Amino acid sequence: MSTALLTGTPLAGRVAVVSGASSGMGAVTAERLAELGATVVVLARRQDRLDDVVKNIEAAGGTALALAVDVTDREAVRSAAQQVAARFGTADLVFNNAGVQLISGIEELKVDEWQRQIDLNITGLMNIIAAFLPQLTESAARGRPADLINTSSIAATRILAKFSVYSGTKAYISHLTRLLRVELGPKMVRVATIEPGMVDTELPDHVTDPDASRLMADLIHDIDVLQGADIAETVAFMAAVPRHVNLTEITVLPTAQVV
């Protein structure tokens, strides 16, 4: 069954930036935003994967640009933002989606994995905000819709053993988003977070802990989990509603998921 609810080109004229766009939710969302009329810039480290996303978009009649960027590199992200503005004008839709999930018991002291999650899930997210916020505020000042949508997770609120560092990074994202609304809402920049449950993407492939791997594998086997297209349609809807409407915090769960 198709997850598509929106029709036509409600995002025509929008310039969308999607980080973490080389696979999974990011890639599918980029393609859906383009299908709905947006010009899309895809960011991630893997140029070959980004090129595939752009080819799919262009084959469907859309416009896209791939920029290979490590979002933990502040200067590289800033340069990417400058390239977006020079090529397409100011971005007015940013899906801040890059992230990694590495699960381990805290006493295992996997400090390198802790740091990797902090660097990507928090520092990378902040680098995107720093680089593109001026463009969002400029777009809003011109009377255009302006959206900053951050990817969090239900792990931000669920209490799960061995998820401590990952959940902490996602809790940061969810609460940061609430705080940013206080500053940016009056400037007509919509700030939102999407908190998915179990999605069938490559993210669980990075999990090496046997207990966490078993939990995720069981969910994928036992229930009808979310697909990237479900997230893509949700993000697109959040951006397509009238400018005065801010869907601020959306939790998306498989109907049968209870953990």
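**Helix H1 against helix H2**

In this predicted model, the crossing of H1 and H2 is right-handed. Helix H1 covers residues 24–35, and helix H2 covers residues 47–59. Their axes come within 10 Å and cross at roughly 25°. Angles under 35 degrees count as roughly parallel, so H1 is roughly parallel to H2.

Which residues of H1 meet H2? They are Ala27, Ala30, Glu31 and Ala34. On the H2 side, the partners are Val53, Asn56 and Ile57. The residues of this contact of H1 with H2 divide into 5 nonpolar, 1 polar and 1 charged.

**The sheet**

The model has an open sheet of 7 strands. Their order is S3-S2-S1-S4-S5-S6-S7, and the pairing is parallel. From one strand to the next, the twist averages 15°.

Take one pair in detail. Strand S1 (residues 15–19) and strand S2 (residues 39–44) run parallel and are joined by 5 bridges. Val18 has Val42 in S2 as its bridge partner.

**Helices on the sheet**

Helix H5 (residues 164–184) lies across strand S5 (147–151), strand S6 (190–196) and S7.

| Helix | Lies across | Angle |
|---|---|---|
| H5 | S5, S6 and S7 | about 160° to S6 |

**Helix H4 against helix H5**

H5 also packs with helix H4 (residues 111–141). The angle is about 20°, and the axes are 9 Å apart. That angle makes H4 roughly parallel to H5. The crossing of H4 and H5 is right-handed.

Which residues make this contact? H4 supplies Trp114, Gln117, Ile118, Asn121, Ile122, Leu125, Met126, Ile129, Leu133 and Thr137. H5 supplies Val165, Tyr166, Thr169, Lys170, Tyr172, Ile173, Leu176, Leu180 and Leu184. The residues of the contact of H4 with H5 divide into 14 nonpolar, 4 polar and 1 charged.

**Recap**

H1 is roughly parallel to H2, and H4 is roughly parallel to H5.

Definitions and conventions: Residues numbered from 1 in each chain as written. Predicted model: local features only at pLDDT ≥ 70, side-chain atom pairs only at ≥ 80, totals over all residues. Heavy atoms only, no water. Axes fitted to C-alpha atoms, helices over the stretch in contact; angles between N-to-C directions. Helix = DSSP H or I, 4+ residues; strand = E, 2+ residues; numbered from the N terminus. Parallel < 35°, antiparallel > 145°, perpendicular 65-115°, else oblique. Left-handed = near helix turned anticlockwise from the far one by under 90°. Contact = heavy atoms within 4.5 Å. Nonpolar A, V, L, I, M, F, W, Y, C, P; charged D, E, K, R; others polar. Pairing = 2+ DSSP bridges.
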